[in-house]
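Subject: Structure handover

Hello,

The structure we discussed is below. My notes on it follow directly after.

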Amino acid sequence: MYGRERVRAGELRDRYPHAAEVLGLYLALVEVWESVGDDVPADGALEWAEANVLPRVLAATAAGPRPLADAITAAGAAATGTGLLDAWAADEDLTPVERYLARATMHVVPPKAWTARRKAPGPARDDGPGPGSARADRPGPGSGGRCAACGGAAQLSYRVASEDPLVSGRRMLACAKCPHEWNFSATTCPNCGETGKRTVHAEAHAATEAPHVGRAAPDDRSVFPHLRAESCQTCRSYLIDVDLGRDARAVPRVDELAAVPIDLHLAGLGYTKITPNLMGF
Ligand SMILES: [Zn+2]
Ligand SMILES: [Zn+2]
């Protein structure tokens with residue numbers, strides 16, 4: 001079920017020492033997701049996920065990168081209590097640890113089952129805004145930069161391989177909240193709709209040192225020849241773009257996890273990622 005993801009994460013873990021821990025955790029989560037298989041019930045999916053998937057995610061994470069494991073221990077029951085999954089599905093504000101746990105757990109629950117609790121939801125979480133105040137500042141589904149299946153923001157963009165080597169392939173956006181992907185203009189910012197003021201940042205030359213990210217095109221020595229960031233000067237946001245024409249083996253949602261040096265570079269320039277990835281980068 002996750003065969004391509006598993007193989008790719010293993011390849012990238014060997015290739016990119018800087019991402020080895022994160023990809024190791026991703027592989028542990030793949031085990032969790034595979035162990036669930038097709039068990040997700042149509043009725044009461046959130047209750048079920050809370051009881052059956054969240055504990056496995058916690059166990060997998062306890063053996064993962066120290067900062068994340070420690071943050072979960074520090075947050076304790078507050079991060080794993082009833083209502084976490086509902087809050088995530090409703091796009092309420094969550095702490096980074098809560099968001100990670102909810103995303104890793106809800107990965108196996110399709111959007112149509114997100115509201116499928118058997119009983120009425122409990123009292124509103126006292127540490128977050130209620131459903132009515134959820135993220136009114138963001139455009140809703142239907143505006144092209146948002147997922148038509150769940151209203152989520154774009155996690156990343158990728159280019160499909162083109163028949164013509166001189167022409168970039170079609171651009172797709174992948175949802176941060178669900179598996180949906182959709183075709184999107186290659187020249188438009190998914191966050192604000194700006195069509196002009198975009199900048200491409202690619203890792204241009206590295207040799208054996210830390211990757212150097214700049215505004216030039218990647219060259220033969222690039223560590224990430226198929227990864228780049230597309231930023232928008234109007235809303236100061238960016239996302240990672242994966243070019244399958246440059247690396248046909250890439251699995252965009254896995255490769256994006258390895259782009260941490262590019263994320264750090266963009267953060268240093270004052271850009272905010274449209275959506276942090278599963279691991280919080
Ligand atoms: Zn979605
Ligand atoms: Zn923008």
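The lining of the second largest cavity consists of four nonpolar residues, two polar and one charged. Here Ala, Val, Leu, Ile, Met, Phe, Trp, Tyr, Cys and Pro count as nonpolar, Asp, Glu, Lys and Arg as charged, and the others, Gly among them, as polar. The residues in question are G145, R146, A153, A154, P190, N191 and I274, and the volume they line is about 40 Å³.

This is a predicted model, in which local features need pLDDT of at least 70 and side-chain atom pairs count only at pLDDT 80 or more, while totals for chains, interfaces and linings use all residues. Residues are numbered from 1 along each chain as its sequence is written, chains are lettered from A and ligands numbered from 1 in the order in which they are written, and side-chain values use heavy atoms, with hydrogens and water left out.

In the whole structure, the search finds two cavities of 30 Å³ or more. A cavity is a set of points, on a 1 Å grid over the protein atoms alone, where a 1.4 Å probe fits but cannot get out; lining residues have an atom within 4 Å of a point. Points are joined across faces, edges and corners, and a volume is the space filled by probe spheres set on them.

The largest cavity has a volume of about 60 Å³. Its lining includes R171, T188, R198, E230, Y238 and I274. The elements that give two or more residues to this lining are β6 and β7 (strands are DSSP runs of E, at least two residues, numbered from the N terminus). By type, the lining of the largest cavity divides into six nonpolar, three polar and three charged residues.

Strand β7 covers residues 237–243, and seven of the seven are buried, so the strand is largely enclosed by the rest of the structure. Buried means under 20% relative accessible area, with a 1.4 Å probe and protein chains only.

- β1 (residues 154–159) runs parallel to β7, joined by four bridges; L156 stands opposite I240.
- β6 (residues 227–232) runs antiparallel to β7, with five bridges, and A229 has I240 as its bridge partner. The two form a hairpin with four residues between them, and R236 in the turn has a positive phi of about 60°.
- β8 (residues 272–273) is parallel to β7 over two bridges, with K273 opposite Y238.

Regards

Technical notes: Buried < 20%, exposed > 50% of the residue type's maximum accessible area, 1.4 Å probe, protein only. Pairing = 2+ DSSP bridges. 1 Å grid on protein atoms, 1.4 Å probe; cavity = no way out; pocket = protein on both sides within 12 Å on 5 of 7 lines; lining within 4 Å.
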